[in-house]
Amino acid sequence: MSVLVAITGRDNTKLIAQLQARLPSTKIQQWPDCNNLETIDFVLAWKAPHDMWAKLPNLKAVSSFGAGVDSIDLNLLGDDVDVVRIVDEKLAQDMTEYVLTHVLAQKLRLKEYFIKQTQQQWKPKRAYEQNKVGILGFGELGKVCAKRLIANNFTVNAWAHTHKTSNTVNLFYGEQGLQNMLSNIDYLVCLLPLTKKTKGIINKSTISMLPNHAVIINVARGEHVIEADLLKALEENSLRAAVIDVFEHEPLSEEHPYWQHDKITLTPHCAALSDINSVSAQIAENVERLQQGITLNNRIDRTKGY
């Protein structure tokens with residue numbers, strides 16, 4: 001068994017050391033410093049170069065380094081290649097705390113007060129009364145975020161592509177359902193996987209369905225938002241504010257208009273960072289399952305892309 005780590009844009013020294021400790025009899029290499037690519041069975045990937053996949057004729061399984069698999073072009077993989085993702089309980093906990101924190105911060109006007117502090121202005125106002133949160137995506141992260149928001153007295157709605165059920169959340173699905181939900185919420189939280197259908201879902205059309213006091217919070221992928229449409233809505237006061245943790249190009253360029261925008265709260269893709277111990281344990285277990293011919297954990301549906 002041979003494993004290739006193809007994760008760009010970060011130092012993978014600790015990760016590889018942990019994987020080797022968990023898999024002492026497995027050969028682990030890192031792209032591009034690797035050889036005998038024809039022997040690679042398993043790849044751990046994040047934004048791997050597209051031309052790499054054609055050089056792996058023996059590939060049997062690919063794991064994303066994150067909760068989503070959008071950094072992997074599934075069209076470049078053979079039909080018989082399993083694709084799995086990371087499911088990290090700590091990641092879900094971090095995400096719920098981030099979402100709740102920023103919904104409350106917007107409700108309590110904290111951004112406004114931070115700006116007033118720099119201007120030495122003493123102008124107290126009541127918190128906003130609105131308490132309806134709409135979540136785009138009702139998978140594992142959507143469900144745990146909804147639970148935490150409900151526990152803090154928010155009314156939660158959620159939208160998914162297909163029909164789902166819940167005893168505590170008002171659920172919507174399909175195009176008409178999306179329009180119905182957007183017109184009746186105060187905070188929109190995007191937790192969708194990135195697919196062809198969800199790319200650019202927060203655009204001029206969907207923003208226009210929101211009340212003009214609404215706040216958008218994107219913690220999914222930067223490509224979910226059409227940046228020009230978001231900025232225009234903020235400038236025209238057809239949207240109150242936005243919290244953005246993910247961006248189409250990361251890190252964000254120095255000249256990007258988000259940096260200095262007084263209606264945007266910006267964080268550096270930190271809402272939920274994978275724990276290296278949890279990740280290495282999951283990867284090692286799936287490598288062992290592949291060796292044993294057992295079904296891998298956290299497989300995705302390649303027809304859906306998640």
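1. Let's start with the overall make-up: the protein has eight helices and twelve strands. Helices (H or I, at least four residues) and strands (E, at least two) are DSSP runs, numbered from the N terminus. Please keep in mind that this is a predicted model, in which local features need pLDDT of at least 70, side-chain atom pairs count only at pLDDT 80 or more, and totals for chains, interfaces and linings use all residues. Residues are numbered from 1 along each chain as its sequence is written, and side-chain values use heavy atoms, with hydrogens and water left out.

2. Next, the overall dimensions. Along the principal axes, the C-alpha atoms fill a box of roughly 65 × 45 × 30 Å.

3. How much of the protein is buried? Of its 306 residues, 47% count as buried; that means under 20% relative accessible area, while exposed means over 50% and partly exposed lies in between (1.4 Å probe, protein chains only). Among contacts (heavy atoms within 4.5 Å) between residues at least 6 apart in sequence, 60% join residues at least 24 apart.

4. Now have a look at Thr267, in the loop between strand S12 (264–266) and helix H8 (276–292). Thr267 is buried, with a relative accessible area of 12%. Its side chain makes polar contacts with the side chains of Tyr98 (2.6 Å) and Asp245 (2.6 Å). A polar contact is a pair of N or O atoms within 3.5 Å; within protein, one must be able to donate a hydrogen and the other to accept it, and residues adjacent in sequence count only if both atoms are side-chain atoms.

5. Thr265 sits in strand S12 and is buried too, at 16% relative accessibility. Leaving out residues up to four places away in sequence, Thr265 touches several residues, including His102, Gln106 and Ile244.

6. Two cis peptide bonds deserve a look. One runs from Trp31 to Pro32, with omega near 5 degrees, and Pro32 lies in the loop between strands S2 (27–30) and S3 (42–46). Another runs from Glu250 to Pro251, with omega near -5 degrees; Pro251 is in the loop between strand S11 (241–244) and S12.

7. Finally, Arg109 has a positive phi of about 70 degrees although it is not a glycine, and Arg109 is buried at 14% relative accessibility. Asn153 also has a positive phi of about 70 degrees, but Asn153 is exposed, with a relative accessible area of 66%.
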